[in-house]
Amino acid sequence: MTTGTRAIDLKPEDRLTAAYLVVALVALFGGVVLGLFQALEHAGVDLYPRLLPVIKSYYHGLSLHGVLNVLVFTTFFIAGFLQFITARALNTPLWSRSLAWATFWVMTGGLVLAAIPLLGNAATVLFTFYPPMKAHWAFYVGLTLVVVATWLVTLNLVFTYRAWRARNPEVRTPLPAWMALVTFVMWTIASLGLAAEMLFMLIPWSLGLIAGTDALLARVLFWYTGHPIVYFWLLPAYVSWYTLVPRQAGGKLFSDPLARVSFVLFLVLSTPVGFHHQFTDPGIGEGWKLLHAFLTFAVFFPSLLTFFSIIASLENGARAHGGKGWIAWFGKLPWGDPSLAAQVLAMVLFAFGGIGGLINASFTMNLVVHNTAWIVGHFHLTVGTAVTLTFMGITYWLVPLLRGRQLWSRRLALAQAWSWFVGMAIFSNAQHRLGLMGMPRRTMIGAAPYVQPEWQSALALVGIGGTILFVSAMLYFANMVLTVVASREAAAVEVPFAQALSGPEHAPAILDRWRPWLVLAVVLIAIAYGPTMITMIRLVTTTPLTTPGFRVW
Amino acid sequence: MRRGTTIYLYELFWILPSIAIPVGMLVALVVFAFGAGVHLPGDHGRVEPTAVLTTPPFDQPGTVQVGPGQYEVRMVSGIWVFAPNEIRVPAGSTVTFVATSRDVLHGLFIPRTNVNVMLIPGQIARVTTRFDHPGEHPFFCHEYCGIAHHTMWGKVIVEPRL
């Protein structure tokens, strides 16, 4: 991106990214295999007895599915991808390569530590950390190390940026690197809730150092992080959509300044919205819940800006390929490129995920859907498709780049992207409808005594959609493995950084400053969480915490 | 963001409805929520989580008539049962659920009503709904609560008025 600089050897950064991708994809593999068993269980085919003695129960499998897919796969992929993007966009090595590798090993060590009890059925608590259900201490310590490692990534990115800034005092930060930094800074602020829950409650409690916890305070801290974590997953996909996809579509990013406006708003607004996951919790005042609903709708604004920018950029590319009309240009996108096809299909399903998200956030309307299968349908469109299918699309150019070999099969990759799209459309639609019919989530439905006759046809579709998704994932892994081990044709892949129609020089200078936005973010968090948090902390520090832990699986 | 350019006009053309749409939806949901009198669970006090079974009203779980056509269900949830798990009220009753948990998190969800509330150890949940027509309403625990979570359920049986 920076012009006129000499070529800098970024091979070490490439190796680091490759290491992160290996762990991420192994986790995704484990997660989707277990996903198949859940989908089949819902459709009346319970294969869990066949998994004994490795997987002890539906809930053991569900815990692994959730943790591996949304915590491990995402975090490792994002750390690898955004460090890569930063180094390439700034054309500079990371500030400290040894810190970068140490970070990788802290994250991987944490993962191994958490994986031992998780695999051993000593942490069958799903991906939520809700005391008084108590997992093995190693699960909490391991995941905390993963979070600490993400802070070290932030540190390295901040110093990389500062080193670059010292050499380039007048230039606007290149958009991809700036977005990567915003993502990690946002996450660092957002992860403090989870860190506090772990460090002050779950870890000392699971080690027997304190007698009890407070269930509600733990949930508040959990969801302080639990909503912005979805932006931590989503923003790296947006990095690709804003800064790479327009080029892949054969055009330019519509507006660099508008992209910056939306990311600044994500930095400011991502965190003070967590109560919309707790609308049905007793013990939190209705007024505070309404405030969080308002702020959630405010985050909808940068999402709409993103929607507009991305579509306008795609249209720009499609018209360059001879696309015409209001809608018909969409067919002129380079659909033969699996990386682009996967990401555009991810966007299409994400539109429905976004609309569903607004319904979830709609205060009393949440009463209809909270903790029902609707939510499962929702987040399989968002993290399960917008994020996952986009990350898959990214690897269709990134893995060939890192390996120096062509993608093993472009057609297989296209079949994978489309089958994910179709499988998810079926799966997610069925889950949404089941939710509206009152089916609870996180439940071994095939064994429930209360299954309603009207659920049956949709449950079968959950099984069919889940099976298609599984096949799609296997196509993906086959292609990745064969690209690495069997592809013979050399490839010189470049990072497809896009130019902008309206460039960074048109962006107001304040968008490249950090302090005002960070202050605003902290102030909003203090307003949205301060009073409730202070009351709760005062309460739990004045009354003894006596709730013991339960192992209920 | 450069004034006077085509791109600036396009940006503006999109930014304005992007503000108007969420604002309009917010107004609609606030009007609806307060106009229809639908409430979310709020702050209804605490109960010592280790002493639920000896603390009124949870020491005597059950359904109590508190006025003409008005019932209160005092409910304790625990692995993996609701007490009570069968609730009988006449059609046209207003029923308030006062509930908590004596161990891990649970949830109380009656589909097609506005009863959807977390049962959190230490917190008293309080929600009110109306049952107008005779029939059966199953209710489920909708928060993962352990290995037999899927067996935790009950029924509200709405009986015809005599």
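A helix crossing is left-handed if the near helix is turned anticlockwise from the far one by less than a right angle, and right-handed if clockwise. This is a predicted model, in which local features need pLDDT of at least 70 and side-chain atom pairs count only at pLDDT 80 or more, while totals for chains, interfaces and linings use all residues. Residues are numbered from 1 along each chain as its sequence is written, chains are lettered from A and ligands numbered from 1 in the order in which they are written, and side-chain values use heavy atoms, with hydrogens and water left out.

**View 1. Helices α16(A) and α17(A) pass one another in a left-handed crossing.** Helix α16 of chain A covers residues 410-436 and helix α17 of chain A covers residues 456-485, where helices (H or I, at least four residues) and strands (E, at least two) are DSSP runs numbered from the N terminus. Their axes come within 8 Å and cross at roughly 155 degrees, the axes being lines fitted to C-alpha atoms, for helices over the stretch in contact, with angles from 0 to 180 degrees between N-to-C directions. That angle makes α16(A) roughly antiparallel to α17(A) (under 35 degrees is roughly parallel, over 145 roughly antiparallel, 65 to 115 roughly perpendicular, the rest oblique). The residues of this contact between α16(A) and α17(A) divide into 18 nonpolar, eight polar and one charged (Ala, Val, Leu, Ile, Met, Phe, Trp, Tyr, Cys and Pro count as nonpolar, Asp, Glu, Lys and Arg as charged, and the others, Gly among them, as polar).

**View 2. Helices α3(A) and α9(A) also pack, here at an angle of about 40 degrees.** Helix α9 of chain A consists of residues 228-243, and the axes of α3(A) and α9(A) lie 10 Å apart. With that angle, α3(A) is oblique to α9(A), and α3(A) passes α9(A) in a left-handed crossing.

**View 3. A:Arg88 and A:Asp14 form a salt bridge, with their closest N and O atoms 2.8 Å apart.** A salt bridge is a side-chain nitrogen of Lys or Arg within 4 Å of a carboxyl oxygen of Asp or Glu, and a search of the whole structure finds 17 of them over all chains. A:Arg88 lies in helix α3 (residues 58-90) of chain A and A:Asp14 in helix α1 (residues 11-42) of chain A, so the pair ties together parts that are 74 residues apart in sequence. A:Asp14 is buried, with a relative accessible area of 7%, whereas A:Arg88 is partly exposed at 23% (buried is under 20% relative accessible area, exposed over 50%, partly exposed in between, with a 1.4 Å probe and protein chains only).

**View 4. A:Asp214 and B:Arg46 meet in a salt bridge of 3.2 Å, taken from N to O.** The pair crosses between chains, from A:Asp214 in the loop between α7 (192-206) and α8 (215-226) of chain A to B:Arg46 in the loop between α1 (6-35) and β1 (62-67) of chain B. A:Asp214 is buried, with a relative accessible area of 3%, while B:Arg46 is partly exposed at 35%.

**View 5. B:Arg88 and B:Glu86 are joined by a salt bridge.** Their closest N and O atoms are 3.1 Å apart, and the relative accessible area is 43% for B:Arg88, which is partly exposed, and 44% for B:Glu86, which is likewise partly exposed.

**View 6. Salt bridges link A:Arg165, A:Asp256, A:Arg260 and A:Asp512 in a network.** Each of these four side chains can be located in chain A by the numbers in their names.

**View 7. Strands β6(B) and β7(B) run antiparallel and are joined by five bridges.** Two strands pair if DSSP finds at least two bridges between them; here β7(B) covers residues 115-119, and β6(B) covers residues 106-110. Within this pairing, B:Phe109 has B:Asn116 as its bridge partner, and B:Gly107 stands opposite B:Met118. Four residues lie between the strands of this hairpin, in which B:Arg112 takes a positive phi near 65 degrees.

**View 8. The residues of β6(B) and β7(B) point two ways from their strands.** From β6(B), B:His106, B:Leu108 and B:Ile110 point one way and B:Gly107 and B:Phe109 the other way, and all are buried. Five of the five residues of β6(B) are buried, so this strand is largely enclosed by the rest of the structure. From β7(B), B:Val115, B:Val117 and B:Leu119 point one way, while B:Asn116 and B:Met118 point the other way, and all are buried.
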